[in-house]
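Please look through the sequence and the model below before reading the notes.

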Amino acid sequence: MHTYLDDINLPPYNISIRQENGEKQIFDILRRKHVSLTPEEWVRQHFVHYLIEHKGYPMALLQNEVQLRCGQKRLRCDSILYRSDGSARMILEYKAPSVAITKKVIEQIATYNMLLHVDYLIVSNGNNHYCFKTDYERKRFILLEEIPDYKQLKP
């Protein structure tokens, strides 16, 4: 049914897909609506479900498609994890499975972090997932061996 979209390195979940005006759409549990089913969206929905169902991340603290402003420029974060006080804790960037995670992708998410100053950055193309912890004292990112469970995140 999903052809090329099936082939990613994330656990399956109970997916809701519909056809609307000739377009395939997938249900986004965070935005509570069906959205256009693109390869990047396929990765986003699987990753969000992975975080909630397998890593214990609270759905109420996650948000998809977050607009940021930097002067006149508008940026869009794929997903953000917030703290209960509303401050950003983690930025997540997704790419289609066919897109390699390169230095340019890391630089893109690092640019978002200049505005948000989060503790963690995650990039995923559905097959490769990278989680970085920000070390503000040494001005660097530390690559973690795995995506931490929610309870492992520093306060």
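F141 is partly exposed, with a relative accessible area of 34% (partly exposed lies between buried, under 20%, and exposed, over 50%, with a 1.4 Å probe and protein chains only). The model is predicted, so local features need pLDDT of at least 70 and side-chain atom pairs pLDDT 80 or more, while totals for chains, interfaces and linings use all residues. Residues are numbered from 1 along each chain as its sequence is written, and side-chain values use heavy atoms, without hydrogens and water.

**Aromatic rings**
- The whole structure holds 4 aromatic pairs (ring centres of Phe, Tyr or the six-membered ring of Trp within 6.5 Å; planes under 30 degrees apart are stacked, over 60 edge-to-face, the rest tilted).
- F132 and F141 form an edge-to-face pair, because their ring centres are 6.4 Å apart and their planes stand at 65 degrees.
- F132 is buried, at 12% relative accessible area.
- One aromatic cluster consists of F47, Y50 and Y94.

**Strands β8 and β9**
- Strands β8 (residues 129-135) and β9 (residues 140-143) run antiparallel and are joined by 4 bridges (pairing takes at least two DSSP bridges; strands are DSSP runs of E, at least two residues, numbered from the N terminus).
- T134 stands opposite F141 in β9.
- In this hairpin, with 4 residues between the strands, K139 has a positive phi near 55 degrees.
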